[in-house]
Amino acid sequence: MFVTTPRNPLYILAVSTALIAVFFAAYTEHVWEDYYITFRSSKNLVEGNGLVFNVGERVHTFTSPLGVLTPALAAFITGGESDFVSLWVFRIMSITALVGAVLLLSNLAQAWRIPTGLALLAGAWLALDGKTVDFSINGMESAFLVLFLSYALWGHMRGSSAWKHQGVAWAGLMWARPDCFIHISVMALAVFLFGNGKRMEPKRDLIISWLKAGAVNTALYLPWFLWAWAYYGTPVPHTVAAKSGLTAPFSLFAFLQEFVLLPFGAAGVDNSVRHTFLPAYHEIGGWNPVVVMVSKVLAGLIALAWLLPRVSRRTRVLSFTFAGIHLYLSYFPYYCFPWYLPGTIPFAVLGGISLLADLGRTSANLRTLQRNLSLSGAGLIVAGSGWLTFEVARQIRTQQQLVENEVRQAIGEFLRENADENDTVMLETLGYIGYFSGLRT
C-alpha cells in the first residue's frame, strides 16, 4: 500500500501523529468515564471472574468487544499489577491504530490523484482533530473504529476485486462498534450510486463482491455474536437495551425531515453535523463564536457537497457517506454523544480536502492559482484544527484534575475504605466511582 522511510513524507506524518497523541495523553492524563466501566469487566476477565462488571452477574455492560478485550489484553500483558501501565499499553495499541488510519487516508488521497500537499494535509487534519485524538487516548475504542473505517474506504477504492479487504474491514468495524452495520451500509450505498472515486463499476460486480465480503465479515464476527448471546442471554448489549426506551418510535416523516434539514446545522438546526469539528460538549459555552461558526459552516458544506454540480465522484462518495452517518446519529440516538463523532471524521476530512482539490480542476490558466488557493485553505483549516486541539487539551487537563481525580475517583476511594463490602451503590456515573469503590454497583 505504501512505504514509509525517514525521507518519505508519510513517515514524517506517521511519527508526528504518534507524537501528537502521546503528548495529548501525557499532558491531559485524560481517562474517560466509560473506560473504567469496561476496564472493570476487563480485569474481572483476566482475574478469572468472567467478562462481567459485578462478579456473578452476567450483564453485558459494554458496547464494543474490542473496547473491552484490548484493555483485558493490556492487563494480561502487565500481569494486572498496575492500572496505569495497563492504560498506557492500551493507549499504545490505540495510537498505533490511529497512525494506521492517518496513513491509509493520505495514501487513498494520493491514489485518487489529489495533489501530494493536500493528501498529506488530509492525514494531518485527522491527526489533529481534537475529539479523535482524545478518544484515541482516553480509553475508548475510537482509534480502532477510525482505522477500520479508513481501511473499508481504502478497500472500496480498489474496487470489487478487493472483497477480502472489505470483509476484514467490515468485521473490524463490527468488533469495534456493533452499530457499524450502519456505516458499512451507507458507505456501500455511496459507492453504488457514485462509483469508487475513480469509475463506475457494473452493479452486478459490486453486489457479488459485497456478498463475498459479507461472508468474510460473518465468519470473523459471528463467533463473538454467538458467544455473547450464549453468555449474556442476548447478542444486544444491555447498555443499548437500557437506552432504547429513551428513543422516540420511528416516524418516516420525521426521518425525511431530518434528512432534508441535515446540512443546515450551521444555521441553527439541532443535529449532529454542527458538532463534527467542535470540542466535546462545546455547547456549554466559552468557545470563540467565530471558531464555532466556521466549524459549523465547514461541516455543513461537506454534508452538502454530494449535491453540488461538477464535483468529483470521490467527493460525492465521501460527502454522501458523511451525511448518511450523521443522519443516523441525528435521528436514532436520543443524544449524539461526542464519542460517536470520530466515526464521521475520516469522511469529513478527506471529503473537505477532496472538495478543495476539485476547485483546481478548471482551465489550465487558473489551475495553478486555484491549487495554491486550495492548498492555502487546507493549511489554514488544519492549523486551526491544531490550535483548537491544543485548547481542548488545556480544558481536558483541568477537567481531569478537578472533576475526575478530585471528585469521582475520590468518592470511589472513600466508598472503598468506608462502605461495607456487601453494600450496593446506585448512581449514574458508573465508571470512576464504580471502579475505584469495587462495590456492587
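Tyr281 sits in the loop between α12 (252-261) and α13 (289-304), helices here being DSSP runs of H or I with at least four residues, numbered from the N terminus. This is a predicted model, in which local features need pLDDT of at least 70, side-chain atom pairs count only at pLDDT 80 or more, and totals for chains, interfaces and linings use all residues. Residues are numbered from 1 along each chain as its sequence is written, and side-chain values use heavy atoms, leaving out hydrogens and water.

Most residues other than glycine have a negative phi. Tyr281 has a positive one, and so does Arg113, which is not a glycine either. Arg113 belongs to the loop between α4 (83-111) and α5 (116-127). Here are the two residues, with exposed meaning over 50% relative accessible area, buried under 20%, and partly exposed in between (1.4 Å probe, protein chains only).

| Residue | Phi | Relative accessible area |
|---|---|---|
| Tyr281 | near 55 degrees | 31%, partly exposed |
| Arg113 | about 65 degrees | 77%, exposed |

Next, a helix. Helix α8 (residues 163-176) has 14 residues and spans 20 Å from its first C-alpha to its last, close to the 20 Å expected at 1.5 Å a residue; that expected span is 1.5 Å times one less than the number of residues. Its buried residues include Trp170, Leu173 and Met174. The buried residues of α8 pack against α3 (65-77), α7 (142-158), α9 (181-194) and α10 (203-232), where contact means heavy atoms within 4.5 Å.

Finally, the surface. Leu19, in helix α1 (residues 9-28), counts as exposed because its relative accessibility is 56%.

Definitions and conventions:
Helix = DSSP H or I, 4+ residues; strand = E, 2+ residues; numbered from the N terminus.
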